Amino acid sequence: MIFFIALASFGLSIVFCIYRAVKGPSPFDRILSISSIGTIMALGIAVHGFAFNRPDFIDIALMYILLNFLGTIAILKFYKMKGNKKI
Amino acid sequence: MEYLIQYSSIFFLFLGCFFILSGSIGLIKLPDVFSRIHAAGLIDTLGTGFVILALIIYSGFSLVSLKLFLIPLFILFTSPISSHAISLFAYESGHKPKAKNKK
């Protein structure tokens with residue numbers, strides 16, 4: 001029961017992050033909020049594994065965190081290649 | 001002892017949920033890129049740490065708790081690198097931090 005309340009709280013905070021990702025004035029706000037969504041999603045996967053008595057989901061959470069970091073760095077390198085003008 | 005494990009796990013889980021919610025509200029309310037990075041760092045350190053600590057206390061000492069311990073260890077290495085790269089590229093592309101009392 002406790003885990004479902006925690007999952008609802010994670011969903012509410014993901015909604016707040018999606019609001020910033022849609023409305024954000026600069027692309028760096030969008031990258032930052034997408035990275036935060038990835039971290040909260042990994043925590044949600046781990047808590048979901050404990051809520052349904054299957055703790056094997058932790059491997060997926062570990063993989064998710066590493067891919068989240070690689071995606072953030074890759075998008076930042078893409079913006080670096082476009083030059084230093086104001087975006 | 002059973003009740004101590006159960007109630008401490010519930011307490012740390014609620015503390016982690018509180019920090020994640022406050023970090024995401026700060027991601028909406030703060031005015032600048034460089035101050036929103038501070039709010040995202042709150043999610044990455046305190047929220048993750050307390051939620052994973054609650055799950056470790058709940059699961060006991062086994063292989064599952066070792067795998068759970070690896071998650072904040074990876075976040076401890078990757079979160080400062082990504083936030084430093086975001087702030088460096090934002091500063092190089094022309095964003096300046098908003099200071100309130102500017103001389």
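The contact takes 40 residues from chain A and 37 residues from chain B, two residues being in contact if their C-beta atoms, placed from the backbone, lie within 7 Å. On the side of chain A that touches chain B, the elements giving two or more residues are helix H1 (2–23), H2 and H3 of chain A, and H2(A) provides the largest share, 13 residues. This is a predicted model, in which local features need pLDDT of at least 70 and side-chain atom pairs count only at pLDDT 80 or more, while totals for chains, interfaces and linings use all residues. Residues are numbered from 1 along each chain as its sequence is written, and chains are lettered from A and ligands numbered from 1 in the order in which they are written.

Chain A has three helices and zero strands, where helices (H or I, at least four residues) and strands (E, at least two) are DSSP runs numbered from the N terminus.

In chain B, helix H3 (residues 63–92) has 30 residues that should span 44 Å at 1.5 Å a residue, and its end C-alpha atoms are 45 Å apart, which agrees; the expected span is 1.5 Å times one less than the number of residues. Among the buried residues of H3(B) are B:Leu68, B:Ile75 and B:Ile86, buried meaning that 20 or more other C-beta atoms, placed from the backbone, lie within 10 Å of the residue's own. The buried residues of H3(B) pack against helix H2 (27–51) and helix H3 (58–81) of chain A, together with helix H2 (33–59) of chain B. After H3(B) comes B:Gly94, whose phi is positive, near 110 degrees.

Terms used:
A residue is buried if 20 or more other C-beta atoms lie within 10 Å of its own, exposed if 12 or fewer, and partly exposed in between; C-beta atoms are placed from the backbone.
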